[in-house]
Amino acid sequence: MTEASTGALYDPHARVHLGVFYTGVGPQLLWNDPSAADHVAIGTFVEVARLLERGLFDAFFLGEGLRVRENRGRVHDQDVAGRPDAITQLSALAAVTERIGLVATQNATYNFPADLARRLASLDLLSDGRAGWNIVTTDNAWTGANFRHGGWLAHERRYDRAGQFVDAVTALWDAWEPDAVVATGEAKSWARPGSIGEVARSTDLVDLRAVPTVPASRQGRPVLFQAGDSDGGRELAASRADVVFSANTPYDKAVAYAADLRARLARYGRSADSLRILPGASVVLGDTPDEAVERARWVREEQMSAPRAITFFEQYWGTDLSGYDPQGPLPDIDPVEGELDPSRGTIPIERRTGKLALIARWREQSEQRGLSMLELARQVAPGHPAFVGTPSQVADEWVRYVRTRAVDGFNITPYLIPSALEDIVDKLVPELQERGAYRTAYEGETLREHLDLPPLNP
Ligand SMILES: Cc1cc2nc3c(=O)[nH]c(=O)nc-3n(C[C@H](O)[C@H](O)[C@H](O)COP(=O)(O)O)c2cc1C
């Protein structure tokens, strides 16, 4: 990494690391388009994982939802395919893929350390060192109610627990000491009977006494990802994670975020290179710039259809708005009093407080600009595509991001499966390769190696 004349970081050899983040159906995905794959069938996941492996991606990444989102007592149409368990899905994919990393989002609030350590280590072993754990805290009491925990643990305390939880899990993974390789016949990477240490932890939010049940894979342990952007989230990333899955995608935000994380890493005595930064990225490609813009407009309109606009505002108003015309103005009734907690899990945390002020701003915006409910929803709902252009334009942009060390790559959130991903693999990846900013073959075997992370115990 060198300093360019501007004093900014610059690495002319930096390469783009890519993953796909599949959240289940979610708000960005056009699941009801006639060309969309079946989002419950295993065949879809197999096809996608193989496609990404052909595109030499670092990872296929699954979100977690321990309670399906609801709206007025019905399953929200963003969760129409339910939320199958990520480790189960990825275990199936381990059998039909050879190289791609398999990352499971699993929260540290409602899981148990010994159980999760065992399940993740099993995925790591069965995939021969390709597993990752995306550590999240899950921010709503709605999910907690499913575990008879309700709003158990305030936001920052969740990060206290997450830190203690991760320490317990990694201690368990380390407790199977690989001190001897059995020298009978062919050496087996797993045949390391070693010593087993009992891990005993009694911190204020984690109480554990356990011995490991699974030996280490060839990458040593699953790669640790972190997703969550608050101070507590950033501290968790800087102190313990290998990769951070960030929501800071716009260039200026990405630069500021990287600087903030590097300062935090230094405080933990970690090098800048010990943490990969991969923000989420929605990408809309077209063969010409105009075609890309037109496609992005179509995607937005499909993502926020008239019924979805009503559902979107119902989440904020807290009441039935089905009698209102989506082509008309915002409802003239007041929203139900009270903030949006416990939320139903569809609203970003920063919007959960101050909803009355937010709604007042929306009223002003729609009145001043004469926007209907539908038009307003399309403007204010999160999820606008971050990168719109030809493959060559997006490749240039991504190369700028990685070479100026704003990010190490992207976690793509696809809008249509499989076609949007096929375009990325077949059109964008070759453009990156032409610029020397993307691998032309897998060079390593494990997820840790794909990410160019430093060895665990150098
Ligand atoms: C990019 C990104 C992806 C996330 N994915 C999930 C997920 O799949 N499941 C989940 O329960 N929470 C997910 N979270 C939410 C985090 O668990 C966390 O609860 C939330 O971001 C609030 O924490 P924060 O205030 O630190 O951002 C995600 C967060 C981010 C930023």
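A crossing of two helices is called right-handed if the near helix is turned clockwise from the far one by less than a right angle, and left-handed if the turn is anticlockwise. In the structure considered here, which is a predicted model, the crossing of helices H12 and H13 is right-handed. Helix H12, formed by residues 391-403, packs against helix H13, formed by residues 419-434, at an angle of about 50 degrees, and their axes are 9 Å apart; the two helices are therefore oblique to each other. On the side of H12 the contact is made by Pro-391, Ser-392, Val-394, Ala-395 and Trp-398, while H13 contributes Lys-427, Leu-428, Glu-431 and Leu-432. By class, the residues of this contact comprise 6 nonpolar, 1 polar and 2 charged.

Elsewhere in the model, 8 strands close into a barrel with parallel pairing, in the order E3-E4-E7-E8-E11-E12-E13-E16, and from one strand to the next the twist averages 25 degrees. Strand E13 (residues 276-281) and strand E16 (residues 409-412) run parallel and are joined by 2 bridges, with Ile-412 in E16 being the bridge partner of Ala-281. Helix H6 packs on the sheet, where it touches strands E8 (131-136), E11 (223-226) and E12 (243-246), and its direction makes about 160 degrees with that of E11.

The ligand is surrounded by 20 residues, of which the closest are Gly-63, Val-136, Gly-228, Ser-230 and Gly-233. Two or more residues of this shell come from each of strand E7 (101-107) and helix H6 (231-240). The shell around the ligand consists of 12 polar, 5 nonpolar and 3 charged residues.

Definitions and conventions:
Residues are numbered from 1 along each chain as its sequence is written. This is a predicted model: local features need pLDDT of at least 70, side-chain atom pairs count only at pLDDT 80 or more; totals for chains, interfaces and linings use all residues. Axes are lines fitted to C-alpha atoms, for helices over the stretch in contact, and angles run from 0 to 180 degrees between N-to-C directions. Helices (H or I, at least four residues) and strands (E, at least two) are DSSP runs, numbered from the N terminus. Angles under 35 degrees count as roughly parallel, over 145 as roughly antiparallel, 65 to 115 as roughly perpendicular and the rest as oblique. Two residues are in contact if their C-beta atoms, placed from the backbone, lie within 7 Å. Ala, Val, Leu, Ile, Met, Phe, Trp, Tyr, Cys and Pro count as nonpolar, Asp, Glu, Lys and Arg as charged, and the others, Gly among them, as polar. A residue is near a molecule or strand if its C-beta atom, placed from the backbone, lies within 6 Å of it. Two strands pair if DSSP finds at least two bridges between them.
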